[in-house]
Amino acid sequence: MYDTMQVRPRRFRLRFGLRGLLFGLITLAALGGAGTGVFLWLSAGEGESVRVITAVQFPYPQGWSEQPLTAEDRSAGLMLKLDRQDPAATFLARTVIARLAPDFDVSRLADETATALTGEIEGFELLDKGVLALGPYQAVRVEYSQTGVEESPDYHTVMTIVPTENQTFYLTVRATKNDFRKIKEEGLQITNTFVTYVSAGGE
C-alpha cells in the first residue's frame with residue numbers, strides 16, 4: 001500500500017482536511033483557465049493570475065518507473081508516482097494549491113507535522129524532523145518508521161514538505177525498514193531533482 005497520509009501547513013489561508021486522500025486540488029479562487037502541459041493558471045483576485053505546477057517530468061535514477069495516475073489520484077493532488085523493484089520502494093509527489101499567509105512560519109511546521117502524524121498513522125515512531133534549505137525554499141523533513149501493524153511489513157519513510165508561495169509539495173519516499181538504507185540516496189536524489197525542477201518553473 002502507498003502511504004496516503006499527508007499534512008497541511010496550518011497557516012494557509014485556505015483550510016483542508018487531514019485524513020486519507022482529502023488533499024484535493026484546492027484553488028485560490030475561481031478557475032481562470034487551464035493551460036497545456038504542466039501548468040494551470042488560476043485567478044487570485046483583483047485581476048491577478050498565478051501559475052501553478054500540476055504535473056512534472058524529469059529524469060530519475062535507473063530502476064525507478066513512473067506509474068499511471070488515476071482520476072482519483074489526480075483529484076487528490078497526486079502529481080507523480082514512482083515505483084522501484086528489488087528492493088521495492090515508492091516515491092509520491094502531491095501538491096496542495098493555496099497561497100501562503102504572510103505570517104506563515106516554516107519553523108512551526110515540523111512540530112505540527114510530527115504531532116499530526118503521531119495521531120494519524122498506526123505504529124508511528126518519529127526518527128528525525130527539522131527545517132532545511134532545498135534550493136531557494138525552506139522545507140520541512142520528517143523521517144519516521146511504521147511498525148507493528150498487523151499483516152503489514154515495517155516501513156521507513158522520509159516526507160519532505162516544500163511550501164512555496166502559491167502551492168505546497170509533499171514528497172514521500174518509502175520502503176521497508178530492511179531495504180530503506182539501500183534506496184534512501186536515490187529517493188533523496190529524486191526529491192532534490194523535483195525541487196530543482198519546481199524552482200526553475202517547470203522548464
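Student: How many bridges does DSSP have to find before two strands pair?

Tutor: Two strands pair if DSSP finds at least two bridges between them, where strands (E, at least two residues) and helices (H or I, at least four) are DSSP runs numbered from the N terminus. Strands of a sheet pair through backbone hydrogen bonds, either parallel or antiparallel. Here β6 and β10 run antiparallel and are joined by 8 bridges, and Leu 92 has Thr 172 in β10 as its bridge partner. This is a predicted model, in which local features need pLDDT of at least 70 and side-chain atom pairs count only at pLDDT 80 or more, while totals for chains, interfaces and linings use all residues. Residues are numbered from 1 along each chain as its sequence is written, and side-chain values use heavy atoms, with hydrogens and water left out.

Student: In what order do the 7 strands of the open sheet lie?

Tutor: The order is β4-β5-β6-β10-β9-β8-β7, with antiparallel pairing, and the edge strands, β4 (64–66) and β7 (124–134), each pair on one side only.

Student: Which strands does α3 touch where it packs on the sheet?

Tutor: Contact means heavy atoms within 4.5 Å, and by that rule α3 touches β4, β5, β6, β7, β8, β9 and β10. Its direction makes about 165 degrees with that of β10, where axes are lines fitted to C-alpha atoms, for helices over the stretch in contact, and angles run from 0 to 180 degrees between N-to-C directions.

Student: Which residues touch the most other members of the largest nonpolar core?

Tutor: A nonpolar core is a set of buried Ala, Val, Leu, Ile, Met, Phe, Trp, Tyr and Cys residues joined through side-chain atoms within 4.5 Å; buried means under 20% relative accessible area, exposed over 50%, and partly exposed in between (1.4 Å probe, protein chains only). Of the 27 residues in this core, Val 56, Phe 91, Val 162, Leu 171 and Phe 194 touch the most other members, and α3 gives the most to the core, with 8 residues.

Student: Why is the pair of Phe 58 and Phe 194 edge-to-face?

Tutor: Rings of Phe, Tyr and Trp (its six-membered ring) pair if their centres lie within 6.5 Å, and planes under 30 degrees apart count as stacked, over 60 as edge-to-face and the rest as tilted. The centres of these two rings are 6.1 Å apart and their planes stand at 85 degrees, so the pair is edge-to-face. Phe 58 also forms a tilted pair with Tyr 197, at 6.0 Å centre to centre and 45 degrees between the planes.
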